[in-house]
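Subject: Structure handover and findings

Hello,

Here is the structure for you to open. My notes on what turned up in it follow below.

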Amino acid sequence: MLNSTSLPTVLEGIDVWDGISHLGSTDLHWEFTSADAVISRVTPTDTPARGGLTLIPGLIDTHVHLIGNASGAPSDFLTWPLVTRPEEQVLHGLAHAQQALAVGVTTLRDLSADDVQFSLGRGINKGLIAGPRIFAHGMVSMTGGHGDMFVPPGVDPSLRRPTADGPDACRSLVRTWARAGATGIKIATSGGLLSDGDKPSWRNHTRAEIDAIIDEAHALGMLVAAHAHTREGIRIAIEAGADSIEHATDMTEDLAHAIAAAGTPIAPTLLINDAIATRRVPVSEDQAEAAATLVHSRDAQFAVAAEAGVNFVLGTDANGFHVGFGDQLAEVRKMAEVFGWSAERALQSATSRAAAAIGRADALGRIIPGAAADFVIVRGRPWEDISDLDTARIVTVVSRGRVVSGELPR
């Protein structure tokens, strides 16, 4: 059990950016509550800020997949989970989570979770071991849908994730995930790039099934994230009332205006789709071709969407194979480049806006009283120059009020 005794609970005279704007030199106080900690006071001070060091909220990655090979040994992306016991997968998931934490990512949302991620999140939340906050969405996929195509045909059916066909079965699976400890639900409204054998253009679930999933999830207090690459998939997700859209790769200007009007956050997952399209990572010809088709005009479309007010937030789709769990800062810099953003808007996408996207606007991604004591100390001023958001510039990472990387400045 992590121990909070004798830990410092005040940092005096530190230059603070609070998740939305720059506060200047500040005294920051926090207090422990069981296995967690919250910020208690944020007080302007005349004490000169520590030269060159600034404090920002811990980053939030709204789209990851923790379970995958973290050992560095060669493995196949699709078969590794099928030949690795769940007990061992937990350790790999923890390794990935701690890699992200070391670079200042203090919250992760896993968007294809089951008992492995639920158990890992509970263990971290109870203070058994250091790790980022984990929100875990169970996926409701149709038979032959995006979430069902990560196990090749002919493999033992017991190794497949549960699927649901028909509105009643969809409601039942939402309830099953809620009972198991899911904090949200994921659906697919198009096919995928890395699932084996499907195509982005495939319809996933009927509208009646999607409506049942979203209605049941909302009735149980869970947000719904919708995987969608295609225009039709994006349109369905908007009309059905999904709480976030993942990828949205082929977004048109009309769809961008609809998304902006709805206020639906989008996790654009730029780096992974680029990596697949250019074959910088091991992928099949079909996967590379499908990705290349989708990203061909993506950046120009996304720039138009950003100008239209689409609320893009940090979501990497990190899985340890195609995108690493230390790549979140590079993703934010890439977002700033593609969208033509100011450094401050880019940093908001990974802090306050990302927190709002996962339903934790008042508790995460901010340096305010009552928010979690999760923060990062860096050299530079990343809200003015996004290149300062770099792993080489990280001095200290604090999660749940405890130093997990580096040390507090004296």
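Which residue just after α10 takes a positive phi? G309 does, with a phi of about 100°.

Some ground rules. This is a predicted model, where local features need pLDDT of at least 70, side-chain atom pairs count only at pLDDT 80 or more, and totals for chains, interfaces and linings use all residues. Residues are numbered from 1 along each chain as its sequence is written, and side-chain values use heavy atoms, with hydrogens and water left out. Helices (H or I, at least four residues) and strands (E, at least two) are DSSP runs, numbered from the N terminus.

**Helix α10**

Helix α10 spans residues 298-307. Its buried residues are R298, Q301, F302, A305 and A306. Buried means under 20% relative accessible area, exposed over 50%, and partly exposed in between (1.4 Å probe, protein chains only). Seen down the axis of α10, the buried residues fall within an arc of 140°, so they line one face of the helix. The arc is that of the directions from the helix axis to the C-beta atoms. An α-helix has 3.6 residues a turn, so residues three or four places apart point the same way. A300 and E307 are exposed, on the face of α10 turned away from its buried side.

What do the buried residues of α10 pack against? Their partners are α6 (231-240), β10 (244-247), α7 (253-262), α8 (270-278), α9 (285-295) and α11 (328-339). Contact means heavy atoms within 4.5 Å.

**Two helix pairs**

Axes are lines fitted to C-alpha atoms, for helices over the stretch in contact, and angles run from 0 to 180 degrees between N-to-C directions. Angles under 35 degrees count as roughly parallel, over 145 as roughly antiparallel, 65 to 115 as roughly perpendicular and the rest as oblique.

Take α4 (residues 167-180) and α5 (residues 207-219). They pack at about 30°, with axes 8 Å apart. The two are therefore roughly parallel to each other. From α4, P167, C170, R171, V174 and R175 make the contact; from α5, A208, E209, A212, I213, D215, E216 and A217 do. By class, that is 7 nonpolar, no polar and 5 charged. Ala, Val, Leu, Ile, Met, Phe, Trp, Tyr, Cys and Pro count as nonpolar, Asp, Glu, Lys and Arg as charged, and the others, Gly among them, as polar.

Next, α2 (residues 86-102) and α3 (residues 115-125) pack at about 55°, with axes 9 Å apart. They are therefore oblique to each other. P86, Q89, V90, G93 and L94 of α2 meet V116, L120 and I124 of α3. This contact has 6 nonpolar, 2 polar and no charged residues.

**Single residues**

L294 sits in helix α9. It counts as buried, at 10% relative accessibility. L294 touches L193, P200, H229, T249 and D250, leaving aside residues up to four places away in sequence. L294 and D250 are 44 residues apart along the chain, yet their C-alpha atoms are separated by 6.0 Å.

Most residues other than glycine have a negative phi. H205 is not a glycine, but has a positive phi of about 65°. H205 lies in the loop between β8 (184-188) and α5 and is buried, with a relative accessible area of 3%. T269 is not a glycine either, and has a positive phi of about 45°. T269 lies in the loop between β11 (266-267) and α8. At 0% relative accessibility, T269 is buried.

Best wishes
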